[in-house]
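This report describes selected local features of one protein chain. The sequence and structure are shown below.

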Amino acid sequence: MKVLIIGDSGFLGTELVRQATSAGWETAATYCSRPGGIAGVAGASWYRLDLRSAGHIDEVLAAVAPSTVIDATSGGSDWAVTADGSIRVAMAAMRRGCRLVHVSSDAVFSGSRIRYAESCLPDPLTPYGAAKAAAETAVRLLAPTAAVARTSLIIGHGGSRGSVHERLVHALAAGAHDGVLFTDDIRCPVHAEDLASALLELAVSDQAGMFHLAGADALSRHELGILIARRDGLDAARLPAGRRADSLVPGPLDVRLDSGATQERIRTRLRGAGEFLQVQ
């Protein structure tokens, strides 16, 4: 297996590289400005990639010659990266006959129906959600054999290399950051290890279509913060709470990815936050 992981500098990309190299896969990964946190690991090679350039994407694919491409890029609301860049990746991968696994997000949904199955169509509220929705829709059209995987908040093991949410919880508990954790903003957090394992499982399969890779538990961001604080020995009482509905922060409230159908198609078990954040 020769895999190209696009977006190594991100939290998920770093875990994908770690698991792929540990499995003995010939692994290449891309970055925009700097390699990810485990640069230099045996069996991995790094390539700078600007997703805004179709020619650059073709150059990297020609140099790596992967059998599989996992697009885990996270360009935020930058349409040129998150939407157009992912579309360019899909077109280049199809031209070269590569297996494609594209990572999408629960941000493609408005929350109007709360629980979302794989068959639900995007109805985003934010620029980031719109860019992700455009990307996944185009990928499914351009690459009908690809696997498109929507996911939710990604959580790790904490520490200096924890996820954005974990670092925010630490900063809030230490009084080093202003803001609140919303009590009405509900998601289905997933552990980075579970998510990466499921994506690599899809990479070696021939399964196509839409998949939901989210955790089994629906929690508010504040409830999730409390679990993180308790796991990491922080004072959960110091975490400020608030309602997104009372703020000026745009975005959906209650979005729960239903991963039941996907879980029946993959071996990787997608644990809930109540399990993977248990105090040891």
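Predicted model: local features only at pLDDT ≥ 70, side-chain atom pairs only at ≥ 80, totals over all residues.

Apart from neighbours within four places in sequence, S259 makes contact with E118, H212, L213, A214 and L270.

## Helix α6

Helix α6 spans residues 164–173, and its buried residues are H165, E166, V169, A171, L172 and A173.

Following α6 is G175, which has a positive phi, near 70 degrees.

## Helix α8

Within α8, the buried residues are H222, L224, G225, I226, I228, A229 and R231. The elements covering them include the helices α6 and α10 (273–276), as well as the strands β8, β9, β13 (219–220) and β14 (241–242). After α8 comes G233, whose phi is positive, near 75 degrees.

E223 also belongs to helix α8, which covers residues 221–231. Because its relative accessibility is 41%, E223 is classed as partly exposed; that class lies between the 20% and 50% limits. Along the chain, E223 and S105 are 118 residues apart, and their C-alpha atoms are separated by 21 Å.

Conventions: Residues numbered from 1 in each chain as written. Heavy atoms only, no water. Helix = DSSP H or I, 4+ residues; strand = E, 2+ residues; numbered from the N terminus. Buried < 20%, exposed > 50% of the residue type's maximum accessible area, 1.4 Å probe, protein only. Contact = heavy atoms within 4.5 Å.
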